[in-house]
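Hello,

Here is the structure for your set-up work. My notes follow below it.

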Amino acid sequence: QVRLQESGGGLVQAGGSLRLSCAASGRSFSSDPMGWFRQAPGKEREFVAVISGTGSPYYANSVKGRFAISRDNAKNTVSLQMNSLKPEDTATYYCAGDVRVAAAQEVHYWGQGTQVTVSS
């Protein structure tokens with residue numbers, strides 16, 4: 001059974017930083033893109049960042065320059081360093097496995113989500 005387990009969410013003031021981590025089990029994602037999506041209340045789940053199996057990142061415009069995605073293929077993990085956080089970054093953040101397209105409906109593997117709340 002494939003499982004993605006996120007950690008690292010929490011409450012932070014605007015301008016602060018958080019680091020999310022995701023550990024995968026049941027399947028190796030070392031050669032597959034992994035990524036992060038987020039969903040705010042009343043909104044659709046949206047793409048945040050993806051990293052290829054070889055480490056090439058791609059970001060949504062809304063987080064470019066503030067967030068950094070990384071991965072450790074040996075540990076089957078992916079992380080998201082979030083800096084200069086804004087209240088509009090408040091959402092539940094989901095780890096995603098085998099992200100071929102930056103669209104939530106195309107993702108087959110999801111974590112359970114971790115809440116990030118940014119206060120103004």
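I'll start with strand β3 (residues 18-25), whose covered face holds L18, L20, C22 and A24. Its uncovered face holds R19, S21, A23 and S25. In a regular strand, side chains alternate between the two faces of the sheet. Strands here are DSSP runs (E, at least two residues), numbered from the N terminus.

The model is predicted: local features need pLDDT of at least 70, side-chain atom pairs count only at pLDDT 80 or more, and totals for chains, interfaces and linings use all residues. Numbering runs from 1 along each chain as its sequence is written, and side-chain values use heavy atoms, leaving out hydrogens and water.

β3 pairs with two strands (pairing needs at least two DSSP bridges between them):

- β1 (residues 3-7) is antiparallel to β3, over 5 bridges. S7 bridges to S21. E6 bridges to C22.
- β8 (residues 77-82) is also antiparallel to β3, over 6 bridges. R19 bridges to Q81.

β1 has a covered face too, L4 and E6. R3, Q5 and S7 form its uncovered face.

Next, R38, in strand β4 (residues 34-39). Is R38 buried or exposed? R38 counts as buried because its relative accessibility is 6%. The cut-offs are under 20% relative accessible area for buried, over 50% for exposed, and partly exposed in between (1.4 Å probe, protein chains only).

The R38 side chain makes polar contacts with the side chains of D89 (2.9 Å) and Y93 (2.9 Å). A polar contact is an N or O pair within 3.5 Å, one able to donate a hydrogen and the other to accept it; residues adjacent in sequence count only if both atoms are side-chain atoms.

Best wishes

Technical notes
Helix = DSSP H or I, 4+ residues; strand = E, 2+ residues; numbered from the N terminus.
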